[in-house]
Amino acid sequence: MSCIISKNKKEKFMMEALKQARKAYNLEEVPVGAVIVKDGKIIVRAYNQKEIKKDTTKHAEIIAIQKASKKLNAWRLTGCDLYVTLEPCAMCAGAIIQSRISNVYIGAMDAKTGCCGSVCNLFDDYKFNHHVNSENGICEEECSEILKDFFRDLRKGQL
């Protein structure tokens, strides 16, 4: 069962994830940001670092999960909510399931690689031992816009 969180709180946390996405953009990384919330407070923030670290696994979600696990001294992130500006890929959706995150709030959907409803839905289509609740469309316009701007600037050679 999903926790009842007000629309304003969801938007507030997603705007914090967008701040992280802007950090990635400024570093010429695909602008995806994430925050993990526990007990109504942000406990970690993260953004994509795949190019900087030269590491395929350095997606915002994975970095956030790693930081939260370290902070909480636990791999089980039960009771934590993840806010992410772009729909997680298969790797990230799998890590979210494995880490036992309770709820995922998604900004923009990803028709090419999204695995929380677009290409497939790892949260709902399979019978894993942990079920993740998800909701998409939180600050969708802002989350989509930063991605469009990034790829436009990249194509124009402005990054």
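Contact here means heavy atoms within 4.5 Å. By that criterion, and leaving aside neighbours within four places in sequence, Lys 10 is in contact with Ile 5, Tyr 83, Tyr 105, Glu 135 and Ile 138. The model is predicted. Its largest nonpolar core has 45 residues, and its largest pocket has a volume of about 600 Å³.

**Nonpolar core**

- In soluble globular proteins, nonpolar side chains tend to be buried together.
- The largest nonpolar core here has 45 residues, and Ile 36 and Val 104 have the most contacts inside it.
- At least two residues of this core come from each of α1 (7–26), β1 (33–38), β2 (41–47), α3 (60–72), β3 (80–86), α4 (90–99), β4 (103–108) and α5.
- Helix α1 gives the largest share of this core, six residues.

**Largest pocket**

- The lining of the largest pocket has 26 residues.
- Val 30, Leu 86, Asp 110, Leu 147 and Phe 151 lie nearest the centre of this pocket.
- By class, the lining splits into 14 nonpolar, four polar and eight charged residues.
- Helices α2 (50–53) and α5 (140–155) each supply at least two lining residues.
- Of these, α5 gives the most to the lining, with five residues.

- Lys 10 has its place in helix α1.
- Lys 10 counts as buried because its relative accessibility is 12%, and the cut-off for buried is under 20%.
- Lys 10 and Cys 139 are 129 residues apart in sequence, yet their C-alpha atoms are 8.7 Å apart in space.
- Cys 139 lies in the loop between β5 (133–136) and α5.
- With a relative accessible area of 10%, Cys 139 is buried.
- The phi of Cys 139 is near 55 degrees, a positive value in a residue other than glycine.

- The buried residues of α4 are Cys 92, Ala 93, Ile 96, Ile 97 and Ser 99.
- The cover over these buried residues includes α3, β3 and β4.
- Just after α4, Arg 100 takes a positive phi of about 70 degrees.
- Arg 100 is a residue other than glycine, and its place is the loop between α4 and β4.
- Arg 100 counts as buried, at 15% relative accessibility.

**Phe 123**

- Phe 123 sits in the loop between β4 and β5.
- This residue is buried, with a relative accessible area of 2%.
- Leaving aside neighbours within four places in sequence, Phe 123 is in contact with Ala 93, Ile 96 and Ile 97, among others.
- Ala 93, Ile 96 and Ile 97 are also among the buried residues of α4.
- Further contacts of Phe 123 include Val 104, Cys 115, Cys 116, His 131, Val 132 and Ser 134.
- Phe 123 and Ser 134 are 11 residues apart in sequence and 7.8 Å apart in space, C-alpha to C-alpha.

**Asn 48**

- Asn 48 lies in the loop between β2 and α2.
- The relative accessible area of Asn 48 is 9%, so this residue is buried.
- Its side chain reaches the backbone oxygen of Val 30 at 3.1 Å.
- The side chain of Asn 48 also reaches the backbone nitrogen of Ala 60, at 2.8 Å.
- Val 30 is one of the residues nearest the centre of the largest pocket.
- Setting aside neighbours within four places in sequence, Asn 48 is in contact with Ala 24, Glu 29, Val 30, Val 32, Lys 58, His 59 and Ala 60.

**Asp 153**

- Asp 153 lies in helix α5, the helix that gives the most to the pocket lining.
- At 11% relative accessibility, Asp 153 counts as buried.
- Its side chain makes a polar contact with the side chain of Arg 152, at 3.2 Å.
- Beyond neighbours within four places in sequence, Asp 153 is in contact with Tyr 25, Gln 158 and Leu 159.

Technical notes:
Residues are numbered from 1 along each chain as its sequence is written. This is a predicted model: local features need pLDDT of at least 70, side-chain atom pairs count only at pLDDT 80 or more; totals for chains, interfaces and linings use all residues. Side-chain values use heavy atoms; hydrogens and water are left out. On a 1 Å grid over the protein atoms alone, a cavity is a set of points where a 1.4 Å probe fits but cannot get out, and a pocket is an open set with protein on both sides within 12 Å along at least five of seven lines; lining residues have an atom within 4 Å of a point. Grid points are joined across faces, edges and corners, and a volume is the space filled by probe spheres set on the points. Helices (H or I, at least four residues) and strands (E, at least two) are DSSP runs, numbered from the N terminus. Ala, Val, Leu, Ile, Met, Phe, Trp, Tyr, Cys and Pro count as nonpolar, Asp, Glu, Lys and Arg as charged, and the others, Gly among them, as polar. A nonpolar core is a set of buried Ala, Val, Leu, Ile, Met, Phe, Trp, Tyr and Cys residues joined through side-chain atoms within 4.5 Å. Buried means under 20% relative accessible area, exposed over 50%, partly exposed in between (1.4 Å probe, protein chains only). A polar contact is a pair of N or O atoms within 3.5 Å; within protein, one must be able to donate a hydrogen and the other to accept it, and residues adjacent in sequence count only if both atoms are side-chain atoms.
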